[in-house]
Amino acid sequence: MKKSVFLGAVTVAGLAAGAAAAATIDDVKARGKLNCGVTTGLVGFAAPDSNGEWKGFDVAVCRAVAAAVLGDPTAVEFVPTTGKTRFTALASGEIDMLARNTTWTFSRDVDLKFEFTGINYYDGQGFMIPKSLGVSSAKELDGATVCIQTGTTTELNLADFFRANNISYEPVPIETNAEAQQQYLAGACDVYTTDASGLAATRATFENPGDHVLLPEIISKEPLGPLVRHGDHEWGDVVRWTLNALIAAEELGVTSANIDEMAAGTNNPEVNRLLGTEGTLGEMLGLDKDWAMRAIKVGGNYGEVFARNIGEETPIGLARGLNAQWTDGGLLYAPPFR
(Lines give C-alpha, C1' and ligand atoms only; values in the text may rest on other atoms or scores of the structure.)
Protein backbone atom coordinates (compact mmCIF):
# COMPACT_ATOMS: atom_id res chain seq x y z
CA MET A 1 0.00 0.00 0.00
CA LYS A 2 2.75 2.41 0.97
CA LYS A 3 4.67 1.51 -2.17
CA SER A 4 1.68 2.18 -4.44
CA VAL A 5 1.01 5.55 -2.78
CA PHE A 6 4.67 6.50 -3.15
CA LEU A 7 4.81 5.50 -6.81
CA GLY A 8 1.58 7.38 -7.44
CA ALA A 9 3.07 10.54 -5.94
CA VAL A 10 6.24 10.10 -8.01
CA THR A 11 4.18 9.65 -11.17
CA VAL A 12 2.11 12.80 -10.55
CA ALA A 13 5.25 14.79 -9.68
CA GLY A 14 6.97 13.57 -12.83
CA LEU A 15 4.01 14.52 -15.00
CA ALA A 16 3.86 17.94 -13.39
CA ALA A 17 7.55 18.59 -14.02
CA GLY A 18 7.14 17.72 -17.71
CA ALA A 19 3.94 19.67 -18.25
CA ALA A 20 5.32 22.77 -16.55
CA ALA A 21 8.30 22.89 -18.93
CA ALA A 22 6.12 24.78 -21.40
CA ALA A 23 4.76 28.22 -20.59
CA THR A 24 1.08 27.64 -19.87
CA ILE A 25 0.12 31.24 -20.57
CA ASP A 26 1.48 30.88 -24.11
CA ASP A 27 -0.43 27.62 -24.58
CA VAL A 28 -3.67 29.20 -23.37
CA LYS A 29 -3.26 32.21 -25.65
CA ALA A 30 -2.40 30.03 -28.66
CA ARG A 31 -5.33 27.71 -27.96
CA GLY A 32 -7.70 30.60 -27.36
CA LYS A 33 -9.28 28.70 -24.52
CA LEU A 34 -8.62 27.97 -20.85
CA ASN A 35 -8.94 24.35 -19.73
CA CYS A 36 -10.13 24.55 -16.14
CA GLY A 37 -10.59 21.54 -13.87
CA VAL A 38 -13.70 21.60 -11.69
CA THR A 39 -15.73 19.17 -9.62
CA THR A 40 -18.10 16.73 -11.30
CA GLY A 41 -20.95 18.78 -9.89
CA LEU A 42 -21.54 20.69 -6.66
CA VAL A 43 -24.32 23.26 -6.91
CA GLY A 44 -23.17 26.71 -5.89
CA PHE A 45 -19.51 25.91 -6.49
CA ALA A 46 -19.37 24.24 -9.91
CA ALA A 47 -22.23 22.58 -11.76
CA PRO A 48 -23.90 22.85 -15.16
CA ASP A 49 -27.36 24.42 -15.18
CA SER A 50 -30.37 23.15 -17.15
CA ASN A 51 -28.85 24.60 -20.32
CA GLY A 52 -25.50 22.93 -19.73
CA GLU A 53 -23.80 26.19 -18.75
CA TRP A 54 -21.33 25.85 -15.88
CA LYS A 55 -21.99 28.16 -12.96
CA GLY A 56 -20.75 28.59 -9.41
CA PHE A 57 -18.24 30.07 -7.02
CA ASP A 58 -15.27 28.11 -8.39
CA VAL A 59 -16.47 28.52 -11.96
CA ALA A 60 -16.29 32.29 -11.43
CA VAL A 61 -12.54 32.03 -10.79
CA CYS A 62 -12.04 30.14 -14.06
CA ARG A 63 -14.05 32.72 -15.99
CA ALA A 64 -12.17 35.60 -14.37
CA VAL A 65 -8.83 34.10 -15.44
CA ALA A 66 -10.14 33.57 -18.99
CA ALA A 67 -11.31 37.17 -19.12
CA ALA A 68 -7.97 38.45 -17.84
CA VAL A 69 -5.88 36.42 -20.29
CA LEU A 70 -8.12 35.99 -23.33
CA GLY A 71 -10.59 38.86 -22.97
CA ASP A 72 -13.46 36.37 -23.05
CA PRO A 73 -15.00 34.84 -19.90
CA THR A 74 -16.75 32.22 -22.02
CA ALA A 75 -13.49 30.91 -23.50
CA VAL A 76 -13.31 28.11 -20.93
CA GLU A 77 -13.48 24.36 -21.31
CA PHE A 78 -14.69 22.99 -17.98
CA VAL A 79 -13.18 19.58 -17.27
CA PRO A 80 -15.01 17.62 -14.52
CA THR A 81 -12.61 15.81 -12.16
CA THR A 82 -13.02 13.54 -9.15
CA GLY A 83 -10.94 13.42 -5.98
CA LYS A 84 -8.83 10.74 -7.64
CA THR A 85 -8.44 12.19 -11.14
CA ARG A 86 -7.96 15.89 -10.43
CA PHE A 87 -4.23 15.82 -9.72
CA THR A 88 -3.32 13.63 -12.68
CA ALA A 89 -5.37 15.90 -14.95
CA LEU A 90 -3.40 18.93 -13.76
CA ALA A 91 -0.01 17.24 -13.73
CA SER A 92 -0.41 15.84 -17.25
CA GLY A 93 -1.40 19.18 -18.75
CA GLU A 94 -4.96 18.11 -19.54
CA ILE A 95 -6.06 21.18 -17.58
CA ASP A 96 -4.28 24.52 -17.12
CA MET A 97 -5.53 25.10 -13.59
CA LEU A 98 -7.66 23.35 -10.99
CA ALA A 99 -10.48 25.24 -9.29
CA ARG A 100 -12.19 22.42 -7.48
CA ASN A 101 -12.73 22.63 -3.70
CA THR A 102 -9.14 21.44 -3.19
CA THR A 103 -7.43 21.82 0.19
CA TRP A 104 -3.97 23.36 0.36
CA THR A 105 -1.74 20.88 2.21
CA PHE A 106 1.98 20.38 2.62
CA SER A 107 2.20 17.20 0.55
CA ARG A 108 0.09 18.52 -2.31
CA ASP A 109 2.20 21.66 -2.47
CA VAL A 110 5.60 20.01 -2.03
CA ASP A 111 5.43 16.30 -2.87
CA LEU A 112 2.94 16.42 -5.74
CA LYS A 113 4.67 19.50 -7.19
CA PHE A 114 1.70 21.84 -7.36
CA GLU A 115 1.46 25.51 -6.50
CA PHE A 116 -1.57 26.87 -4.71
CA THR A 117 -2.23 30.41 -5.88
CA GLY A 118 -4.25 31.56 -2.89
CA ILE A 119 -7.32 30.72 -0.83
CA ASN A 120 -10.78 31.52 -2.16
CA TYR A 121 -12.68 29.73 0.62
CA TYR A 122 -11.71 29.00 4.22
CA ASP A 123 -13.54 25.81 5.14
CA GLY A 124 -13.54 22.89 7.56
CA GLN A 125 -14.83 19.33 7.53
CA GLY A 126 -18.26 18.65 8.96
CA PHE A 127 -20.91 15.94 9.24
CA MET A 128 -24.45 15.72 7.89
CA ILE A 129 -27.03 13.27 9.24
CA PRO A 130 -30.77 12.67 8.93
CA LYS A 131 -32.55 14.54 11.70
CA SER A 132 -34.38 11.30 12.51
CA LEU A 133 -31.10 9.76 13.67
CA GLY A 134 -31.45 11.83 16.84
CA VAL A 135 -27.73 12.61 17.14
CA SER A 136 -26.52 16.03 18.29
CA SER A 137 -22.75 15.53 18.19
CA ALA A 138 -20.26 13.72 15.96
CA LYS A 139 -18.87 12.10 19.11
CA GLU A 140 -22.13 10.11 19.29
CA LEU A 141 -21.50 8.41 15.93
CA ASP A 142 -19.83 5.26 17.27
CA GLY A 143 -20.46 2.41 14.83
CA ALA A 144 -21.97 4.64 12.15
CA THR A 145 -21.62 4.03 8.43
CA VAL A 146 -20.03 7.07 6.77
CA CYS A 147 -20.07 8.06 3.09
CA ILE A 148 -16.60 9.35 2.29
CA GLN A 149 -14.98 10.50 -0.96
CA THR A 150 -11.79 8.57 -1.60
CA GLY A 151 -8.51 10.31 -2.40
CA THR A 152 -9.33 13.33 -0.24
CA THR A 153 -8.10 14.96 2.97
CA THR A 154 -11.60 14.22 4.28
CA GLU A 155 -10.78 10.52 4.36
CA LEU A 156 -7.71 11.08 6.53
CA ASN A 157 -9.40 13.60 8.83
CA LEU A 158 -12.27 11.19 9.45
CA ALA A 159 -9.91 8.43 10.55
CA ASP A 160 -8.05 10.83 12.86
CA PHE A 161 -11.24 12.13 14.48
CA PHE A 162 -12.73 8.73 15.23
CA ARG A 163 -9.43 7.39 16.52
CA ALA A 164 -8.89 10.43 18.76
CA ASN A 165 -12.37 9.96 20.25
CA ASN A 166 -12.00 6.18 20.60
CA ILE A 167 -15.04 5.42 18.46
CA SER A 168 -15.43 3.31 15.35
CA TYR A 169 -17.09 3.70 11.96
CA GLU A 170 -17.63 1.79 8.75
CA PRO A 171 -16.58 3.70 5.63
CA VAL A 172 -18.75 3.67 2.51
CA PRO A 173 -16.35 4.76 -0.27
CA ILE A 174 -17.74 7.01 -3.00
CA GLU A 175 -16.14 8.75 -5.98
CA THR A 176 -18.29 11.85 -6.54
CA ASN A 177 -20.62 14.12 -4.64
CA ALA A 178 -23.53 12.90 -6.78
CA GLU A 179 -22.80 9.33 -5.76
CA ALA A 180 -22.50 10.37 -2.10
CA GLN A 181 -25.86 12.13 -2.26
CA GLN A 182 -27.52 9.09 -3.84
CA GLN A 183 -26.04 6.68 -1.30
CA TYR A 184 -26.82 8.91 1.66
CA LEU A 185 -30.45 9.49 0.66
CA ALA A 186 -30.87 5.79 -0.02
CA GLY A 187 -29.77 5.02 3.52
CA ALA A 188 -26.55 3.26 2.50
CA CYS A 189 -24.74 5.40 5.07
CA ASP A 190 -25.82 7.12 8.27
CA VAL A 191 -23.51 10.08 7.78
CA TYR A 192 -22.04 12.09 4.93
CA THR A 193 -18.82 13.93 5.70
CA THR A 194 -16.99 16.45 3.55
CA ASP A 195 -16.20 20.17 3.68
CA ALA A 196 -18.99 22.01 5.51
CA SER A 197 -19.62 24.20 2.48
CA GLY A 198 -20.07 21.09 0.35
CA LEU A 199 -22.55 19.66 2.84
CA ALA A 200 -24.58 22.88 2.77
CA ALA A 201 -24.55 22.88 -1.03
CA THR A 202 -25.61 19.24 -1.17
CA ARG A 203 -28.38 19.63 1.41
CA ALA A 204 -29.79 22.60 -0.54
CA THR A 205 -30.58 20.26 -3.44
CA PHE A 206 -32.61 17.83 -1.31
CA GLU A 207 -36.38 17.69 -1.66
CA ASN A 208 -36.68 18.19 2.11
CA PRO A 209 -33.52 19.96 3.32
CA GLY A 210 -34.99 20.45 6.79
CA ASP A 211 -34.93 16.69 7.38
CA HIS A 212 -31.15 16.79 7.54
CA VAL A 213 -28.84 18.55 9.98
CA LEU A 214 -25.19 19.57 10.03
CA LEU A 215 -23.58 18.58 13.31
CA PRO A 216 -21.72 21.32 15.23
CA GLU A 217 -18.23 19.82 15.01
CA ILE A 218 -15.79 21.20 12.46
CA ILE A 219 -12.86 18.80 12.68
CA SER A 220 -10.25 20.30 10.36
CA LYS A 221 -8.86 23.30 8.55
CA GLU A 222 -9.64 23.18 4.84
CA PRO A 223 -8.17 26.19 3.04
CA LEU A 224 -9.53 25.78 -0.49
CA GLY A 225 -8.06 27.45 -3.52
CA PRO A 226 -7.00 27.20 -7.16
CA LEU A 227 -3.73 25.51 -8.06
CA VAL A 228 -1.34 25.19 -10.97
CA ARG A 229 1.79 23.17 -11.69
CA HIS A 230 5.13 23.89 -10.06
CA GLY A 231 7.76 25.54 -12.20
CA ASP A 232 5.54 27.73 -14.36
CA HIS A 233 5.74 30.89 -12.29
CA GLU A 234 4.40 33.28 -14.93
CA TRP A 235 1.16 31.33 -15.15
CA GLY A 236 0.99 30.98 -11.39
CA ASP A 237 1.28 34.75 -11.08
CA VAL A 238 -1.62 35.27 -13.50
CA VAL A 239 -3.97 32.96 -11.60
CA ARG A 240 -2.83 34.25 -8.19
CA TRP A 241 -3.26 37.92 -8.99
CA THR A 242 -6.57 37.41 -10.78
CA LEU A 243 -7.94 35.93 -7.55
CA ASN A 244 -6.31 38.76 -5.60
CA ALA A 245 -7.95 41.28 -7.94
CA LEU A 246 -11.41 39.97 -7.02
CA ILE A 247 -10.58 40.12 -3.32
CA ALA A 248 -8.96 43.56 -3.48
CA ALA A 249 -11.83 44.96 -5.53
CA GLU A 250 -14.26 44.23 -2.72
CA GLU A 251 -12.04 45.86 -0.12
CA LEU A 252 -11.51 48.91 -2.34
CA GLY A 253 -15.20 49.31 -3.15
CA VAL A 254 -14.92 48.36 -6.83
CA THR A 255 -18.12 46.61 -7.97
CA SER A 256 -19.69 45.42 -11.20
CA ALA A 257 -21.98 48.47 -10.99
CA ASN A 258 -19.32 51.17 -10.60
CA ILE A 259 -16.25 49.69 -12.27
CA ASP A 260 -16.62 51.58 -15.54
CA GLU A 261 -16.90 54.86 -13.66
CA MET A 262 -13.93 54.04 -11.41
CA ALA A 263 -11.84 52.96 -14.39
CA ALA A 264 -11.94 56.56 -15.57
CA GLY A 265 -9.71 57.41 -12.61
CA THR A 266 -10.12 57.92 -8.87
CA ASN A 267 -8.34 59.63 -5.99
CA ASN A 268 -7.16 56.21 -4.72
CA PRO A 269 -3.84 55.24 -6.33
CA GLU A 270 -4.33 51.53 -5.57
CA VAL A 271 -7.69 51.48 -7.35
CA ASN A 272 -6.05 53.18 -10.31
CA ARG A 273 -3.23 50.63 -10.38
CA LEU A 274 -5.73 47.75 -10.07
CA LEU A 275 -7.84 49.04 -12.96
CA GLY A 276 -4.89 49.98 -15.15
CA THR A 277 -5.20 53.76 -15.24
CA GLU A 278 -1.82 54.08 -13.49
CA GLY A 279 1.32 51.98 -13.51
CA THR A 280 2.36 48.91 -15.51
CA LEU A 281 1.05 45.97 -13.47
CA GLY A 282 -0.54 44.32 -16.50
CA GLU A 283 2.71 44.52 -18.43
CA MET A 284 4.50 42.78 -15.55
CA LEU A 285 2.12 39.85 -15.95
CA GLY A 286 2.47 39.70 -19.71
CA LEU A 287 -1.05 41.08 -20.09
CA ASP A 288 -2.56 44.42 -21.06
CA LYS A 289 -3.52 47.18 -18.63
CA ASP A 290 -7.21 46.18 -18.46
CA TRP A 291 -6.69 42.55 -17.39
CA ALA A 292 -8.00 43.04 -13.82
CA MET A 293 -10.89 45.21 -14.94
CA ARG A 294 -12.06 42.43 -17.27
CA ALA A 295 -11.69 39.81 -14.52
CA ILE A 296 -13.79 41.85 -12.09
CA LYS A 297 -16.49 42.72 -14.63
CA VAL A 298 -17.29 39.04 -15.26
CA GLY A 299 -19.12 38.46 -12.00
CA GLY A 300 -18.18 41.39 -9.82
CA ASN A 301 -15.80 41.45 -6.87
CA TYR A 302 -15.27 38.57 -4.44
CA GLY A 303 -18.23 39.60 -2.28
CA GLU A 304 -20.55 39.74 -5.27
CA VAL A 305 -19.40 36.32 -6.47
CA PHE A 306 -19.91 34.88 -2.98
CA ALA A 307 -23.37 36.39 -2.51
CA ARG A 308 -24.64 35.33 -5.93
CA ASN A 309 -23.51 31.71 -5.74
CA ILE A 310 -23.37 30.54 -2.12
CA GLY A 311 -24.38 33.46 0.12
CA GLU A 312 -27.12 33.77 2.70
CA GLU A 313 -29.75 34.78 0.13
CA THR A 314 -29.17 31.60 -1.91
CA PRO A 315 -30.55 28.13 -1.10
CA ILE A 316 -27.07 27.16 0.13
CA GLY A 317 -27.19 29.99 2.68
CA LEU A 318 -23.55 30.33 3.70
CA ALA A 319 -22.56 33.26 5.92
CA ARG A 320 -19.29 35.00 5.14
CA GLY A 321 -17.72 33.98 8.46
CA LEU A 322 -13.97 33.48 8.04
CA ASN A 323 -14.40 34.46 4.39
CA ALA A 324 -15.23 38.05 5.27
CA GLN A 325 -12.69 40.74 4.48
CA TRP A 326 -10.00 41.25 7.11
CA THR A 327 -11.51 44.68 7.73
CA ASP A 328 -14.74 42.92 8.77
CA GLY A 329 -13.18 40.36 11.09
CA GLY A 330 -12.53 37.67 8.48
CA LEU A 331 -9.37 36.17 7.00
CA LEU A 332 -9.74 37.50 3.46
CA TYR A 333 -6.74 39.62 2.57
CA ALA A 334 -5.14 40.56 -0.74
CA PRO A 335 -1.52 41.76 -0.91
CA PRO A 336 -1.09 45.34 -2.14
CA PHE A 337 -1.39 46.16 -5.82
CA ARG A 338 1.74 48.24 -6.18
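A search of the whole structure finds four cavities of 30 Å³ or more. On a 1 Å grid over the protein atoms alone, a cavity is a set of points where a 1.4 Å probe fits but cannot get out, whereas a pocket is an open set with protein on both sides within 12 Å along at least five of seven lines; lining residues have an atom within 4 Å of a point. Grid points are joined across faces, edges and corners, and a volume is the space filled by probe spheres set on the points. The model is a predicted one, in which local features need pLDDT of at least 70 and side-chain atom pairs count only at pLDDT 80 or more, while totals for chains, interfaces and linings use all residues. Residues are numbered from 1 along each chain as its sequence is written, and side-chain values use heavy atoms, with hydrogens and water left out.

**Cavities and pocket**

The table gives three of these spaces with the classes of their lining residues. Ala, Val, Leu, Ile, Met, Phe, Trp, Tyr, Cys and Pro count as nonpolar, Asp, Glu, Lys and Arg as charged, and the others, Gly among them, as polar.

| Space | Volume | Lining residues by class |
|---|---|---|
| Largest cavity | about 250 Å³ | two nonpolar, 13 polar, four charged |
| Second largest cavity | about 40 Å³ | six nonpolar, one polar, no charged |
| Second largest pocket | about 450 Å³ | 11 nonpolar, five polar, five charged |

Of the 19 residues lining the largest cavity, Arg100, Asn101, Gln149, Thr194 and Asp195 lie nearest its centre. Two or more lining residues come from each of α6 (153–164), β11 (191–195) and α8 (196–203); helices (H or I, at least four residues) and strands (E, at least two) are DSSP runs, numbered from the N terminus. Strand β11 gives the largest share, four residues.

The second largest cavity is lined by Phe57, Val61, Asn120, Leu243, Leu246, Tyr302 and Val305. Here α3 (57–70), α9 (233–252) and α14 (302–309) each give two or more residues.

The second largest pocket has 21 lining residues, of which Trp54, Lys55, Gly56, Arg308 and Asn309 lie nearest its centre. At least two residues of this lining are supplied by each of β2 (47–48), β3 (54–55), α3, α13 (291–299) and α14.

**Valine 305**

Valine 305 lies in helix α14 and lines the second largest cavity. Its relative accessible area is 5%, so valine 305 is buried (under 20%; exposed is over 50%, partly exposed in between, with a 1.4 Å probe and protein chains only). Phenylalanine 57 is 248 residues away along the chain, yet the two C-alpha atoms are separated by 6.4 Å. Beyond its neighbours within four places in sequence, valine 305 is in contact (heavy atoms within 4.5 Å) with Phe57, Ala60, Gly299 and Gly300.

**Nonpolar cores**

A nonpolar core is a set of buried Ala, Val, Leu, Ile, Met, Phe, Trp, Tyr and Cys residues joined through side-chain atoms within 4.5 Å. The largest has 62 residues, of which Leu34, Met97, Trp235, Val254, Leu274 and Leu275 touch the most other members. A second, separate core of 14 residues includes Leu141, Ile148, Phe161 and Leu215.

**Threonine 24**

Threonine 24 is found in helix α2 (residues 24–31) and counts as buried because its relative accessibility is 2%. Apart from neighbours within four places in sequence, threonine 24 is in contact with Asp96, Arg229, Asp232 and Trp235. The side chains of threonine 24 and arginine 229 are joined by a polar contact of 3.3 Å. Such a contact is a pair of N or O atoms within 3.5 Å; within protein, one must be able to donate a hydrogen and the other to accept it, and residues adjacent in sequence count only if both atoms are side-chain atoms.
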